[in-house]
Amino acid sequence: MKIIVDAMGGDFAPKAAVEGAFLAMREFGVETVLVGDKREIETCIKQIDPAGNKADKGHLLYDIVHTTQAVTMEDDPARVIREKKDSSLVVGLTLLRDGFGDAFVSAGNTGALLSGATLITKRIRGIRRAALSPVIPNKEGGALLVDCGANAECTPEYLMQFAFMGSYYVNRMLNIEKPRIGLLNNGTEAGKGTQLQRDTYELLQAAHEAGKLNFIGNVEARSVLLGGVDVVVTDGFTGNVLLKGIEGTAMFLMGELKPIFKRSAKTKVAALLVRSGLMGLKAKLDVSEHGGTALLGITKPVIKAHGNSDAKTMRSAIRQARELAQSGIIEDITANIDAIKLKQTDGE
């Protein structure tokens, strides 16, 4: 398994990407292609692997593809593909398209990655929009949120396709046989929400009655964390607000607990007694353990890691990319595209 890594993407590039790649190579046995400025990458490698052990038992562990440009967070996504053709992001996606790797990981500009994946690697034929789909923690372990930011404005058809793609993902990646699909709304009643939610509800209900999806109806934001749903379907704007709200709440709660337990001798003793439980909770909420966000609807596996990813997070994102490449999700979506499309879809 060979994973292509955008070494120049993210706040801590290339150090975090290179260190994360080495962690993944050693722990998961994957090969990596590090794409970016060769001199900067090699400087990082010398710090990690001063002996220069590029190969293990005769097997190549990593390769470097030199590029002269890098995509910044401020770059206009619509112009990156034309103006930064020798960037690590564009070259990496091109390598993926041409079969020089099994998956691609980047912590760089989200809009540029989405644009590049759509224009270079291409969407699966018949899929109207690709979607960013992170697994968010909940009481039952986790639920897939689709979309969390790729598509601020959606149609009912987009949301229906998100539901199908999310169902395939959860089935393969989380081993849930009949994933429960919920439509994010401001109430559980069928008539709730804007016209988008009401029209989408009808499409999902029809798919449920036809035995194509396990649609359980509308779900409120609080229900996402309490469990009872495996795939949360929504437009990218609302999904991103939900995701950032969950992240902020987690940061607030963990931050508030620390001074509480340091308040007195009794609370310090209490902290020792519940330490293992608190560490487990922290791990569940820790983004570095989950890695990144799958970009569903693209013909090849693409993972978006958080912009501030450290080495541990990049290592997890590479693990996720390997699992996504091995899962067969893309093949599932491709093979069932007729069930996913509406009759009026033009099959783009």
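Here are a few notes on the salt bridges in this structure.

1. Ground rules first: this is a predicted model, where local features need pLDDT of at least 70, side-chain atom pairs count only at pLDDT 80 or more, and totals for chains, interfaces and linings use all residues. Residues are numbered from 1 along each chain as its sequence is written, and side-chain values use heavy atoms, with hydrogens and water left out.

2. The structure has eleven salt bridges (a side-chain nitrogen of Lys or Arg within 4 Å of a carboxyl oxygen of Asp or Glu). One of them pairs Asp-75 with Lys-84, at 2.7 Å from N to O. Lys-84 is buried, at 19% relative accessible area (buried is under 20%, exposed over 50%, partly exposed in between, with a 1.4 Å probe and protein chains only).

3. Asp-98 and Arg-97 also pair up, with an N to O distance of 2.9 Å. Asp-98 is partly exposed at 41% relative accessibility, and Arg-97 is partly exposed too, at 42%.

4. Have a look at Arg-128 and Glu-157, whose side chains form a salt bridge at 3.8 Å, N to O. Arg-128 sits in the loop between helix 5 (110–122) and strand 7 (131–133), while Glu-157 belongs to helix 6 (residues 156–173), so this pair ties together parts 29 residues apart in sequence. Helices (H or I, at least four residues) and strands (E, at least two) are DSSP runs, numbered from the N terminus. Both Arg-128 and Glu-157 are buried.
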